[in-house]
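Please look over the sequence and the structure shown here before reading on.

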Amino acid sequence: MQVVIMGCGRVGSSLAMAMQKRGHDVAIIDRDPSAFVRLSPDFAGRTITGVGFDREILVKAGIEHADAFAAVSSGDNSNIISARVARETFDVERVVARIYDAKRAEVYERLGIPTVATVPWTTERFVSALGETTTMEWRDPSGSLAIAQIDVDESWIGISVARFQEQTGARVVFLSRVGRPVLPDAKTVVQQDDVIYGAVMLDNLKNARGLAAKPFTQNESG
């Protein structure tokens, strides 16, 4: 996967290294060339000095062929502008923006641009949002149980949490709905753009994700 990152602060540099370790081609943009010293000496990607929402700079970074774009500078406005340019001008499939203002985050979630707040596990959240489905938010000390994001096919919209759990074997811990957490009960139904976080045994994680990614049919409900 080809990834372009805007912002080489603590999060951006960490994200660049995390994506490189996963075998991806990474380009990172920052208006301050001294910011690139945050990157590990092992960084093999490209560094581009300039404004991250400037189209020429984005093209230089390879945005025309990018599979994913992350805007992680220190400014909400810069992040959302560059994210929208990546999505709307260059048709990048996976776009995510770092947003400090929670109210703004809700608006951009509705526009279809995932946002990540400034929390300790920001880097892993970005890795997950950019399509790394092996990412786990938490693992128990024994290493046998995980809480992980589980992406679902759109046909699961309107299906109850109870039915989801029966079909996948994953216990729904919480939902992220328009940027806010929801603690579901058995009757809660999956809505458009919900992000599901489930507790699941590690040996069943791949299977649970595979089932959730397939279309739900009445035949599966028994």
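The report below turns to aromatic ring pairs and then to a pocket.

## Basis of the model

This is a predicted model, in which local features need pLDDT of at least 70 and side-chain atom pairs count only at pLDDT 80 or more, while totals for chains, interfaces and linings use all residues. Residues are numbered from 1 along each chain as its sequence is written, and side-chain values use heavy atoms, with hydrogens and water left out.

## Aromatic pairs

Rings of Phe, Tyr and Trp (its six-membered ring) pair if their centres lie within 6.5 Å, and planes under 30 degrees apart count as stacked, over 60 as edge-to-face and the rest as tilted. By this rule there are three aromatic pairs. Trp156 and Phe164 form an edge-to-face pair, with 5.5 Å from centre to centre and 75 degrees between the planes, and ring pairs link Trp156, Phe164 and Phe216 into a cluster.

The rings of Phe174 and Tyr197 are stacked, because their centres are 4.6 Å apart and their planes lie at 10 degrees. Phe174 belongs to strand β9 (residues 171-177) and Tyr197 to strand β11 (residues 195-201), so that this pair, 23 residues apart, links distant parts of the chain, strands being DSSP runs (E, at least two residues) numbered from the N terminus.

## Tyr197 is buried at 2%, whereas Phe174 is partly exposed at 25%.

## The second largest pocket

A pocket is an open set of points on a 1 Å grid over the protein atoms alone, where a 1.4 Å probe fits, with protein on both sides within 12 Å along at least five of seven lines, and lining residues have an atom within 4 Å of a point. Of the 19 residues lining the second largest pocket, the closest to its centre are Gly7, Asp30, Val72, Ser73 and Ser74.

Key:
Helices (H or I, at least four residues) and strands (E, at least two) are DSSP runs, numbered from the N terminus. Buried means under 20% relative accessible area, exposed over 50%, partly exposed in between (1.4 Å probe, protein chains only).
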